[in-house]
Each structure stands twice: as C-alpha cells, then as structure tokens.
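Please read the following briefing alongside the sequence and the coordinates.

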Amino acid sequence: MDRRRLLLSGAALAVAVPVFGGLPGVRGSASAAEPPSDRLPSRAEITHVLRRVADHWISSNGSGDNGWARATFYSGLMALHRLTGEGRYLDYARDWAEQHSYGISGGTTTRNADNHTAIQVYLDLYEVEPDEQKIAAAEETLRHMLTDQPDKNDDWWWDDALHMGMPPFARFGRLREDTAFWDKLHRLYDHTKNAQGGPGLYDPATGLWYRDDNFLPGGIQSPNGKPVVWSRGNGWVAGGHVKTLKALPADADQVPEYRDTLARLVAALAPIQREDGFWNVNLADPDHFPGPETSGTSFFTYGTAYAVGSGLVDRDTYLPVAARAWNGMVATAVHADGFLGYVQGVGDRPDSSQPVTYDSTKDFGVGGFLLAGTELAGLAS
C-alpha cells in the first residue's frame, strides 16, 4: 500500500493527501448549490443553531437508556449547558442519570468501553453539583479495570473504544490525583494503537485509524478495491483524544503523544474534506457510499476546533476547515425545525445503516454535533 508520510514542523503540521491503493483521496462533490463559506459564524449564531438542534431532540425523544449512544448525546448536551448556562439542559441530563441511579450498563465489573461512556456524563454532573454517590459506581468500575487482571490491556479492540473509554480514566486520575488511572489508560491505548491485530489500528503513514482487525491491510476492501477507513471510527478517535487532553494536566507524561496523534489526524483530514464541508463515510474511497454524513463530520469538526484552539495546528490553515464543515452541516443537515439529518446509524463500517439520508438521525450524532458547535463557539467572536 503506497501511502505518503506526514511531516511535523513545529506546532503546525503539513500533510500530503493520503494515498490508498495507489490513488489519492478525492474530495466528494458538493451536495449544496454552493460550497459552504470558510468563515466562522459568530458565537451567537452557532449557539442559536445548537439550541435549535438540542431542543428538537429533547422534545421528540424520551430520556433513553444509559448505553454509549445516548450517553454521547448527554455528553454533548452537558457541553451545551456549560456554554449557555441553560438550567433546563442540566435538569434534563440530571433526570436521565437519576433514572439510571448513576449506574453502569453491564454492572461495575464490565470491561466493555461502550458501557463506560455514561461515566463521562456522570462526571460532568458531579462537577456541577458534587456528590460522591454520582460517581461511586463509575469509580468502582474503573478501579476494577486497574486491579482485576492488571496486565490485560486488550479490551479496546476497536477504535470507537477510545472515545468511550479514554476520558473516564483521564478524568478520574485528575479527580483522585492518582496516576494509576493514567498509566492504565495509556496501556490500553497503546495496545489499540500499536498492537491490536498485529500492527495496531493506527496507520502512522497516514495518521488515520482502521476500525478493527477486519479492516487492516489485506482485510475488507471497498467494492473498488480500496481500503476501508471508516469516517465515524476516526471521529470517535478524534473525540476521545480531545476529551482526554481536556482532562489531563499539560505536564502528564502521555500528553505529548496524545497531542501529536490528534494533530496528525486533523492534518490528514484537511485535504480529503469534501467540497460541501463533509467527509465521506470511507475516507479512503469517496465513491464508496458517497454523500454527506454528519456524525463523522461532527467529530472531525470537534477535533479540528480543539486542535486550533489549543495550538496543535496552524489557525489560519485549519480554522477554515472546521468552519466549512460547520457551515456545510448547518446548510445541508439541519432541518428548519432543528432535526439533524444525514447521520449514519449504528454500525462498524461505511456499509452500515445505509442509505444515509436527509431524514437519518441518531442520538450520538446529535451529541457529536453539539460537541462540535460548542468547541467552535469558543473560537468565535
């Protein structure tokens, strides 16, 4: 597989268009009449859209279970609460957590990162209104990971797990001033990145990630004979790195690696962004289910906005990437009433939950959109 390497120079990254199977990544065609603007809207404009999308979801759906998908929505809603100070968003999230008694799906001995996603929201609620009962089950779950089979580090065998599992360990380590959480986090992360399936799911030549063993070189390919590099899988990776870096102190041992890995991912995405601001569901093959997709695009926007704001990448180069993505999603995927469309449903590859249409939505997609917008609002005037 012929793939170009990234170049790191100071704080700003330069990257060639990733090459898969001998053919360069190609931007998808625009689905809107005009390509979206690369100007970032004002904070007020962004917040108005976020409220509209969040309010539509809340008015149209029940509180839901405490699995990974709904917990991702509440993670985004709590970010919107922090941005706006809106009490009803806090109330809605608190009611959800109380309905589940701040419990963990699968019980406190579960090692499945999907079941740990709710811990992120419980910690958000704890930070607003501290009460140890809110995080008791969460802490028991993570400490079980530390002490039961302490040398077992292969639990995160799919790249989505980085978003689900990294932030809880990072945040508990800081809350309890206990670096054992950070050490365990890195051992789990390092296995996913550098050992899972043999070479690991991370491709250092492109800065992108394979979803799991099935998609490593020599495995599943697109109908065009190209690799399958799933957009949302890489989006989960971006989100996990952002949330982890937000939690860790700057001088933590693992921070340079996490920063560099996120910066390389952001740099790899810029040249393969579609003209309509979105990214294709298969980052290595724009003809594999072509069309807009909001969930991966939202998390890429979130990752890019954070990388710009924290100085990981050059602002002048990458803020327009995030702005185009945001403006494209608002123009193409957000309905007049706040419904968020073009969200690929639950799955593990581009083929999952197809077709993705203007009327396709999911809770985790809305959560990712809220995370993206709140991060961008921090960059807006």
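The points below are grouped by topic and describe a predicted model.

**Packing of H9 against H10**

- Helix H9, which covers residues 255-269, and helix H10, which covers residues 294-309, have axes that come within 10 Å and cross at roughly 120 degrees.
- That crossing makes H9 oblique to H10, and the handedness of the crossing is left-handed.
- On the H9 side the contact is made by Leu262, Val266 and Leu269, while H10 contributes Phe300, Gly303, Thr304, Tyr306 and Ala307.
- Sorted by class, the contact of H9 with H10 has 6 nonpolar residues and 2 polar residues, with no charged residues.

**The largest nonpolar core**

- The largest nonpolar core has 119 residues, of which Phe73, Trp156, Phe169 and Phe369 touch the most other members.
- Helix H2, made up of residues 68-84, gives the most to this core, with 10 residues.
- As background, nonpolar side chains tend to be buried together in soluble globular proteins.
- Phenylalanine 169, when residues up to four places away in sequence are not counted, touches Leu142, Met145, Leu146, Trp156, Phe181, Trp182, Lys184, Leu185 and Leu188.

- Alanine 170 is found in helix H6, and its relative accessibility is 0%, so alanine 170 counts as buried.
- With neighbours within four places in sequence left aside, alanine 170 is in contact with Trp182, Leu185, Thr244, Ala247 and Leu248.
- Although alanine 170 and alanine 195 are 25 residues apart along the chain, a separation of 21 Å is found between their C-alpha atoms.
- Serine 231 has its place in helix H8, which covers residues 231-247, and serine 231 counts as buried because its relative accessibility is 1%.
- Apart from neighbours within four places in sequence, serine 231 is in contact with Trp279, Asn280, Val281, Leu283, Gly296 and Phe300; Phe300 is also one of the H10 residues that make the contact with H9.

**A partly exposed loop residue**

- Tryptophan 157 lies in the loop between helix H5 (136-147) and helix H6 (161-176).
- Its relative accessibility of 42% falls between the 20% and 50% limits, so tryptophan 157 counts as partly exposed.
- Tryptophan 157 touches Gln196, Leu201, Arg211, Asp212 and Asp213, with residues up to four places away in sequence not counted.

Key. Residues are numbered from 1 along each chain as its sequence is written. This is a predicted model: local features need pLDDT of at least 70, side-chain atom pairs count only at pLDDT 80 or more; totals for chains, interfaces and linings use all residues. Side-chain values use heavy atoms; hydrogens and water are left out. Axes are lines fitted to C-alpha atoms, for helices over the stretch in contact, and angles run from 0 to 180 degrees between N-to-C directions. Helices (H or I, at least four residues) and strands (E, at least two) are DSSP runs, numbered from the N terminus. Angles under 35 degrees count as roughly parallel, over 145 as roughly antiparallel, 65 to 115 as roughly perpendicular and the rest as oblique. A crossing is left-handed if the near helix is turned anticlockwise from the far one by less than a right angle, and right-handed if clockwise. Contact means heavy atoms within 4.5 Å. Ala, Val, Leu, Ile, Met, Phe, Trp, Tyr, Cys and Pro count as nonpolar, Asp, Glu, Lys and Arg as charged, and the others, Gly among them, as polar. A nonpolar core is a set of buried Ala, Val, Leu, Ile, Met, Phe, Trp, Tyr and Cys residues joined through side-chain atoms within 4.5 Å. Buried means under 20% relative accessible area, exposed over 50%, partly exposed in between (1.4 Å probe, protein chains only).
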